[in-house]
Each structure stands twice: as structure tokens, then as C-alpha cells.
Number of protein chains: 2
Amino acid sequence: MAVVHSHHPPEDCLNCEHRHLRMFCNLTPEALADYDKIGIMMSHARGAKLFTEGDAARNVFVICFGQVKISSTSRDGKTMILKIAGPGDVMGLSAVLANVPHEVTAEAIEPCTVKTVRKQEFIDFLGRHGIASMHAAQSLSGEYLTVFHDAKRLALSGSAAGRLARLLLDWGRSSANGKPEIRFTMALTHEEIANMAGTSRETVTRLLNQFRRDQWITIRGTSLTIVKPDQLERLTA
Amino acid sequence: MAVVHSHHPPEDCLNCEHRHLRMFCNLTPEALADYDKIGIMMSHARGAKLFTEGDAARNVFVICFGQVKISSTSRDGKTMILKIAGPGDVMGLSAVLANVPHEVTAEAIEPCTVKTVRKQEFIDFLGRHGIASMHAAQSLSGEYLTVFHDAKRLALSGSAAGRLARLLLDWGRSSANGKPEIRFTMALTHEEIANMAGTSRETVTRLLNQFRRDQWITIRGTSLTIVKPDQLERLTA
DNA sequence: TCGCTCGTGTGATTTAAATCACATTCTGAG
DNA sequence: CTCAGAATGTGATTTAAATCACACGAGCGA
């Protein structure tokens, strides 16, 4: 599956995308140089699994290019999609630090490049640079918040409509980093959306059309625009 | 509400309960001594709110004695109880590190004593002791895992029965730290259990009795014993 | 071009569980 | 002890949404 390679060439890392990432955006230059030295870059094809729920956590991953679907599945086959991770997102950190197996599955949904750092190597790095530990802690806080909101959406937004509305809103806000653009691309199937909203595929289809008929959103091809955020917000309860 | 007081006397901290806590169990002696110096001890009466959802995160709290209910409420009044925190649990860490308002409400469900450390004081402490940052990160990983499991329970365990079963099982396992005791005390009302399982009070009552009739659990007073864990497990799906 | 699978759209049916509406039993404050 | 308010128990009713069961079009490899 994974088509690997090449140790990370420090030079071109100086311009590498992973540089402007949440996690290590403002390390000291030395720490940053050190960071560039650890781990290797790996490329994965669409559909490749970076790791699977239950696997021992052997690496920490930082996405440089591409998108990765983070999900979890129950014994009876129901899938919960937690998020679509993109460049800058760190994967597997909590499992590595808590020293437990991966609690989620990470699958490339498009060809992607990922910085891959062996568990111990990463921990050593954190040990060498105290400040980096704080960044890691902050990164985890962010992750925590995300999951927390998911939990809240699932538990409290009584209706399926509410959950879907919340999902779209959250989505619009995050995809437009910075200014609250309310247009974004939805390269997901209704099935996948259903898995994120904790509902069924049919319900997603119906609701999406409902929203469209009510003129709250418009869909052109793969691009979705939220026309009446306030109306969606109202459903949220 | 909060009846405060007295700066933390370092001497008696040497035997203090918070010493053997997950977060800072194996710091260096110096770091530990430093830890004992920061923050103050506060006592709170049953029902007191340590902080409320939406409040600016001004402090990090470490429970020394007592139990604290961690919950979150939606606009329409539905409550989700995330966990009952006990001695050793750290509260407010993610909000402080992510620099966002508290996302949950913490309420004492019995008289309790809590080490309270001002935000900046705590961050400075982490800065002084790089290794402590890693412990903080690990603590967050744990929290993350908890919330993650909650989310999973809510999203994937299709039936109310499944969610309740899972809750009881998780509960039994955690309350018996170490050996898998399956007896534990349930000082919670059906209403509160419902809020944790994401269901209604009536359903909890019915299911609990159902389980009892089927001899899967027994309840004597406030003590609950899981007799047939496997049967409950089966409901989990 | 022909199928084939996949994603989507929509009705009809079923079902789990929330809700409503009480009765009963604890529990603790005065 | 007594009484009021919680907490619990249980039926009847309602409802949201899952499920079932299709039809339709679009893309794609053979």
C-alpha cells in the first residue's frame, strides 16, 4: 500500500509546507532545525490506511499534503467519521503519548504526503525541547476540543436536522480559515456525511434537499454555499 | 459559594493526596517541590460550581478530595454529563492551553478540596519544567480518550440499552482501579445516568429494572454489582 | 455500446424511544 | 413525626428517524 521513501532532505524542508503548521509554528530555530531532522516523508495512495483502529501506536504523523479521513468503527460495522484531516494536522499523538493502541483509523482520501516520526524518536524530541511539549499539549487540546464538539453534537442536538445543520456550519467556518466564507467544497458522499452527523444516508439526502428547497443552502456540483446560516443555526437548538 | 483559603502549606503537601496523581506522579524532586508551591487550596461545598461553560479559563484545578461533576449543556437545556471527576483529576487544562473559554461546567457533588492554580502561573510552571509539559500532554491524552469513548458510545451504540450497558461496564472497570471488580457504588440518580448515557430518565429506570429482572445486575441500596458482564457486553453491539 | 456499480432520490413501513401522565416510595428538613 | 419534594416505577401515546424497497442517472471499464 504505502509507497515510501527517502529520508527527509533537511534543505528543502526549509520551505516545506509543514513549517507553517499549528503544532510547531513558533519553535526556536534550533528546535525547528531539529524537528526537520526527525522522521521521514512518506507518500500514500488514495485509499491507503496509515494506521488502523487497534494497531499499536508506532508513529506520529504530520500531514504535509492531501487529506486523510479519521474514523472509528464499532463491532457491528457502524462507522463514525471524526474529521477530515488536512495539511498541518497531527495524527496519532494522543495514542503515542497515552501509550495505548490507536483508537481511530486514518485513511488517505487522496494521494498524500505525510511526515512520519517513530514513537520514541518523537518522544525524545519532545524531551529535548521542553517548549515543544507545550506545543504538543496545545495541539492535543485542539484535538480534544474537536472531539468534544462532536460528542456534544451527537448527544445534545436532538434532531438529525440539528446535527446536520451544525456539521455544515462547523464545516463552513473551518474550511474558510480566517474570514467566514460560507462556500466550500463537499467531496463527500451522503453516506460519509451521514457517518459524521450520526444519521442515515437517506436522511442526509432528504435533509440536504429540504435545506435546498428552503433556500438555506445551494449546491452547484461539488461546491456548497450556506445562504442562510441563521436558519441553520436555529435548528441547532 | 466557594469558601476559600490559606496558601498551600508545602510541608503537609509532602503527604498530600494529590501527590500520587496521574498528572505529576513522577516529576523530579525539584519540580515536585515547585509544584507544591504554586496555586492555593480551595474548599467547595456540595453544589458549588468551580467554573461554568463559557467562562474565561482563569485557572487549572486539581482535585485533592471529593467528586466533581463535569457536564455541558445545550441552549435548549439538555445536559450531557461527561464524567465524574475524582481525586487526581485535572480540570480546565485543555481550555487553559488552547486559550479558549471553558467548554464544560464543573460542579462539586460533595464537599471537596481543590488545588487551584492561576492560568499564567501554571503555564510558567510548565515552562520551567519541560518534563512537566509532557505529563500535561499525557494527561490531556487521557482526557481526550475519555471524551472519545463517550462520543463513540453516543454515536455508535445504536440502542439506549447498548449505551447504558456500555456505561455500566466502563464504570465498573474504572471504579475498581486495578482488579476488575464488578461491584461499585452508584450515588447518581436515574436522571443523571440518563444524561451520561444520552437517553431519558424513564428509559434508564426501565432498563435498569430489565437488567435486574434478567439477573444481569443486582442493586442493593446504592451498590450495584454486575453479575453477567458478558450479557451486557452483547448489548453493546 | 452495453451493462455494472455507485451515488442519489423518494415513498411506505416499522420501530425504538421520547414524551406524557400519573402512582408510589423514599428522604430529609423542620 | 409529618409533610413536601425528590426519586422511582409503569402504562399509553406520539413521533422522529431508521429501515426497507425501489427507481433513476451518471460514470466507467470491457
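Which residue just after α8(A) takes a positive phi? In this predicted model, A:Gln215 does, with a phi of about 65 degrees. Residues are numbered from 1 along each chain as its sequence is written, and chains are lettered from A and ligands numbered from 1 in the order in which they are written.

The same surface serves both copies, as 100% of the contact residues of chain B recur in chain A. Contact here means heavy atoms within 4.5 Å.

Helices are DSSP runs of H or I with at least four residues, numbered from the N terminus. Helix α5 of chain B covers residues 130–156. At 1.5 Å a residue, its 27 residues should span 39 Å. The expected span is 1.5 Å times one less than the number of residues. The end C-alpha atoms of α5(B) are 38 Å apart, which agrees. α5(B) is mostly covered, with 20 of its 27 residues buried. Buried means under 20% relative accessible area, with a 1.4 Å probe and protein chains only.

The 13 residues of α8(A) should span 18 Å at 1.5 Å a residue, and the end C-alpha atoms are 18 Å apart, which agrees. Its buried residues are A:Val204, A:Thr205, A:Leu207, A:Leu208 and A:Phe211.

DNA strand C has 17 residues around it. A residue is near a strand if one of its heavy atoms lies within 4 Å of it. A:His190, A:Arg201, B:Ser159, B:Ala160 and B:Thr203 come nearest to DNA strand C. Polar contacts are pairs of N or O atoms within 3.5 Å. A polar side-chain atom of A:Arg206 lies 3.1 Å from a base nitrogen of DNA strand C. The side chain of B:Ser200 places an N or O atom 2.7 Å from a phosphate oxygen of DNA strand C. For the side chain of B:Thr203, the corresponding distance to a phosphate oxygen is 2.5 Å. Two or more residues of this surface come from α8 (201–213) of chain A and likewise from α8 (201–213) of chain B. α8(A) gives the largest share, 7 residues. By class, the surface has 1 nonpolar, 9 polar and 7 charged residues. Asp, Glu, Lys and Arg count as charged; Ala, Val, Leu, Ile, Met, Phe, Trp, Tyr, Cys and Pro as nonpolar; the others, Gly among them, as polar.

DNA strand D is surrounded by 17 residues, the closest being A:Ser159, A:Ala160, A:Ser200, A:Thr203 and B:Arg201. Sugar and phosphate account for 49% of its atoms within 4 Å of the protein. A polar side-chain atom of A:Glu202 lies 3.3 Å from a base nitrogen of DNA strand D. A:Arg206 has a side-chain N or O atom 3.2 Å from a base oxygen of DNA strand D. A polar backbone atom of B:His190 is 2.8 Å from a phosphate oxygen of DNA strand D. The largest share of the surface near DNA strand D, 7 residues, comes from α8(B).

Notes
This is a predicted model: local features need pLDDT of at least 70, side-chain atom pairs count only at pLDDT 80 or more; totals for chains, interfaces and linings use all residues. Side-chain values use heavy atoms; hydrogens and water are left out. A polar contact is a pair of N or O atoms within 3.5 Å; within protein, one must be able to donate a hydrogen and the other to accept it, and residues adjacent in sequence count only if both atoms are side-chain atoms. Buried means under 20% relative accessible area, exposed over 50%, partly exposed in between (1.4 Å probe, protein chains only).
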